Amino acid sequence: SARVLKLERGEAHVAIRTPTENEAPDNVVQPFRTFRVGLFAARSYLEVHGAPQTHKDLARHAFDAPGDVETAHSSRNYWRWLEDITPTPNVVFRSTDMSCVEQAISAGVGIGFMPLDPPKAEHLVHLKVDDKDEDRYAQLNLVTHVDLHRTPRVQALLEILKAETPALS
C-alpha cells in the first residue's frame with residue numbers, strides 16, 4: 001500500500017519506505033536500496049511544450065508527482081531539488097500509486113521523476129537540463145517496530161528481502 005501503515009498499531013510488521021523526517025522514534029530503520037531517478041517526459045509532451053534546456057525553463061512545465069504535496073517534498077530529495085529550482089512547480093497530476101504517475105508521464109500529461117532502471121520505452125525521453133544536470137538518487141529503507149524487530153518471523157523476512165531483492169542502480 002502507498003499509505004504509510006502504523007507499525008506501532010500492528011498494521012504491518014515490515015515496511016519499505018522512502019526516508020522521512022517524521023519517522024516514529026520507536027521504529028528501527030535500515031537502509032535497503034538506493035536507486036537513480038531522472039526527469040522524464042513523453043515525446044508527445046515535448047512536441048507540444050518543448051524540452052526544458054535550463055533549470056529556469058522548468059517553471060513553465062507541468063509535472064506529474066507522487067502522493068500529496070507534503071509527502072512528495074518531505075521524503076523525496078529529488079522533489080526538494082525541483083522545488084529549490086522552481087519554488088511552485090506546476091503539478092497537474094498526483095497519485096499515491098507510482099505506476100499511475102508513470103502512466104501519466106507516459107501519456108504526456110507532464111514531466112516527472114522515474115527510476116532509470118529498467119530502461120524506459122522509446123516514446124519517453126530522459127531529460128538532462130543544463131547538460132551538467134545529474135540524475136538524483138532515491139533511498140528505500142526497511143522499517144520495523146522495535147517491539148517486533150527481533151522476532152524470528154520479522155528477522156526471517158528481513159533476511160529474505162535483503163538476499164532476494166535485486167540491487168537497484
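**Before selecting anything**

This is a predicted model, in which local features need pLDDT of at least 70, side-chain atom pairs count only at pLDDT 80 or more, and totals for chains, interfaces and linings use all residues. Residues are numbered from 1 along each chain as its sequence is written, and side-chain values use heavy atoms, with hydrogens and water left out.

**Stop 1: the whole chain**

Display the protein chain as a cartoon. Its secondary structure comprises five helices and seven strands. Here helices (H or I, at least four residues) and strands (E, at least two) are DSSP runs, numbered from the N terminus. Starting at the N terminus, the order of elements is β-β-α-β-α-α-β-α-β-β-β-α.

Of the 169 residues, 40% count as buried. Buried means under 20% relative accessible area, exposed means over 50%, and partly exposed lies in between (1.4 Å probe, protein chains only). The chain exposes about 9,500 Å², of which carbon and sulfur atoms supply 53%. Such areas come from the Shrake-Rupley method with a 1.4 Å probe, and for residues only the protein chains shown count as cover.

Contact means heavy atoms within 4.5 Å. Among contacts between residues at least 6 apart in sequence, 74% join residues at least 24 apart.

**Stop 2: strand β2 and its partners**

Select residues 27-42, which form β2. Two strands pair if DSSP finds at least two bridges between them. Which way do β2 and β7 run relative to each other, parallel or antiparallel? They run antiparallel and are joined by ten bridges; Val29 stands opposite Val143 of β7.

Val37 has Pro115 of β5 as its bridge partner.

**Stop 3: the nonpolar cores**

A nonpolar core is a set of buried Ala, Val, Leu, Ile, Met, Phe, Trp, Tyr and Cys residues joined through side-chain atoms within 4.5 Å. Which residues touch the most other members of the largest core? Among its 28 residues they are Leu39 and Phe113. The elements giving two or more residues to this core are β2 (27-42), α1 (43-49), β3 (62-66), α3 (77-85), β6 (124-127), β7 (136-145) and α5 (152-164). The largest share, five residues, comes from β2.

A separate core has seven residues, including Phe40, Ala42, Val101 and Leu116.

Now centre the view on Phe113. Leaving aside neighbours within four places in sequence, its contacts include Leu39, Tyr78, Trp79, Trp81 and Leu82.

**Stop 4**

Select α3, whose buried residues are Tyr78, Trp79, Trp81 and Leu82. Viewed down the axis of α3, they fall within an arc of 155°, so they line one face of the helix. The arc is that of the directions from the helix axis to the C-beta atoms.

Move to α4 (residues 98-106), where Val101, Ala104 and Ile105 are buried. These residues cover an arc of only 100° around the axis, which puts them on the same side of α4. They pack against β2, β3, β4 (90-95), β5 and β6. After α4 comes Gly108, whose phi is positive, near 85°.

Then select α5, in which Val154, Gln155, Leu158 and Leu161 are buried. Their arc is 125°, so they line one face of the helix. Their cover includes β1 (14-17), β2 and β7. The face turned away from the buried side carries the exposed residues Pro152, Arg153, Glu159, Ala163 and Glu164.

**Stop 5: two single residues**

Select His61, in the loop between α1 and β3. Is His61 buried or exposed? His61 is buried, with a relative accessible area of 0%. Not counting residues up to four places away in sequence, His61 touches Tyr45, His49, Gly50, Ala51, Pro52, Asn90 and Ile111.

End at Val48, which lies in helix α1. Val48 counts as exposed, at 65% relative accessibility. Val48 and Gly108 are 60 residues apart in sequence and 9.4 Å apart in space, C-alpha to C-alpha.
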